[in-house]
Amino acid sequence: MTTEQLYQIFESHPVVTTDSRDCPEGSIFFALKGASFNGNKFAAVALQQGCAFAVVDEPEYCAQGDERYILVDDVLRAFQLLARHHRRTLGTRIVGITGTNGKTTTKELMAAVLGEKYNVLYTLGNFNNDIGVPKTLLRLKPEHQVAVVEMGASHPGDIKALVELVEPDLALITNVGMAHLQGFGSFEGVVKTKGELYDFMRQSKRGKVFVDANNPHLMGIVQGLDLVKYGTPASDGLFVGGKVVSAAPFLRFAWQREGGEWNEVQTHLVGAYNVLNMLAAISVGLYLGVSADEANRALANYVPSNNRSQLEETAHNKLIMDAYNANPTSMSVALNNLNDMEVPHKMAILGDMLELGAASAEAHQAIVDQLSRLSLDEVWLVGPEFARTRCAFRKFNDVDEVIAQLQNQCPEGRYILVKGSHGIRLDKLSQCL
């Protein structure tokens, strides 16, 4: 079946699912495959559960004469091409976002700002891979005026594949840093892969690229692009410039458009580093016609809820929960931010940074060396990578050891940064602290 034929069916059944346990009545089931599962085996179950059609790529799972089975060469590719066809058919203006750190927060902030003026569709959670991106595109409806689509990567070529589905009209790379080095091979591999978004914009000449003008890694690869620049400090040539006013612990910042009057915003985000995410969201919003007052209101009202730059107040402590992801760049920035925060009794509980490959030992030692130069009251390190570092800080093999310690004796009256890769599961600590 061709993409066009499949799209005719999708127009009559515009809900898709890839999970046979979640089959809305009349939806289309796509039998995706993974390392440990084969969706073809669940096609019959999906039809029984309420799906109108099942897209499969193994003929033996097609019941003879049952037209509800749609046979394709490759289900994932059919899913992706359907999403691109849908995107092209609707012609919705799309902002494409990627970056090592801050892309999910920036996406949420941008959606909030644009939502003041437009009906906005945006990536839910971090559905930013080869399955999540098509799912996002297939959620587009004619009433959506703008979409903000996040794209993630862990290997060279990942962004190229995704951007060719999304075909964004506007683009933003938040930054590039030391992450997923096991897949990328090197920091240069990170820059090249994230830069695949720029490559698409350069070749397609579709629209503006928003860039932090003070990021040397990004400014080094923007040749031939139609740029809108933002950054700190405010200076000539910036569309939007800004500065941190305070972080005690919530970020308060000021910004101006092209040297005009200053606006000041009190946010619910912890971390001075979030000022660049705020300025990126403002830049895209203003470019698309959102007013300064609307942007200010959206950012002042935004409350994070995804273990990113969140402040949680418990009966005993105040927690800066940043336990979703960690890499050397984001870890270093978060520690400097904690050190500079205008609050007393500061503590850090840090988990291993995963997927760093051969660079892991050096990267973890660098974080420990940085910690020794900071003025934190207490530091706990969690995981086998930190266990191998040379330092006097307290070490734990895993999160369960930390929980056992907390049940025996819990710190009190502290501001505690909790940060580590998701696989270390430091998110479990919030109920104990």
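Predicted model: local features only at pLDDT ≥ 70, side-chain atom pairs only at ≥ 80, totals over all residues.
1. The protein chain is divided into three parts: domain 1 covers 3–72, domain 2 covers 91–301 and domain 3 covers 310–428. Between domain 1 and domain 2, the C-alpha centres are 34 Å apart.

2. On the interface: five residues of domain 1 are in contact with four residues of domain 2. About 370 Å² of area is buried between domain 1 and domain 2, and carbon and sulfur atoms give 74% of that area. On the side of domain 1, the residues that lose the most area to domain 2 are Phe 10, Val 16 and Thr 18, which together make up 63% of what that side buries.

3. The side of domain 1 that touches domain 2 has four nonpolar residues, one polar residue and no charged residues.

4. Trp 255 belongs to strand E12, which runs over residues 250–257. Is Trp 255 buried or exposed? Its relative accessible area is 1%, which is under the 20% limit, so Trp 255 counts as buried.

5. Beyond its neighbours within four places in sequence, Trp 255 is in contact with several residues, including Val 240, Gly 241, Trp 262, Leu 279, Ile 282 and Asn 296. With Asn 296, Trp 255 also forms a side-chain polar contact of 2.8 Å. Val 244 lies 11 residues from Trp 255 along the chain, and their C-alpha atoms are separated by 8.9 Å.

Technical notes:
Residues numbered from 1 in each chain as written. Heavy atoms only, no water. Domains from an automatic or database assignment. Contact = heavy atoms within 4.5 Å. Buried area = accessible area lost by both parts, 1.4 Å probe. Nonpolar A, V, L, I, M, F, W, Y, C, P; charged D, E, K, R; others polar. Helix = DSSP H or I, 4+ residues; strand = E, 2+ residues; numbered from the N terminus. Buried < 20%, exposed > 50% of the residue type's maximum accessible area, 1.4 Å probe, protein only. Polar contact = N/O pair within 3.5 Å; in protein donor to acceptor, adjacent residues only side chain to side chain.
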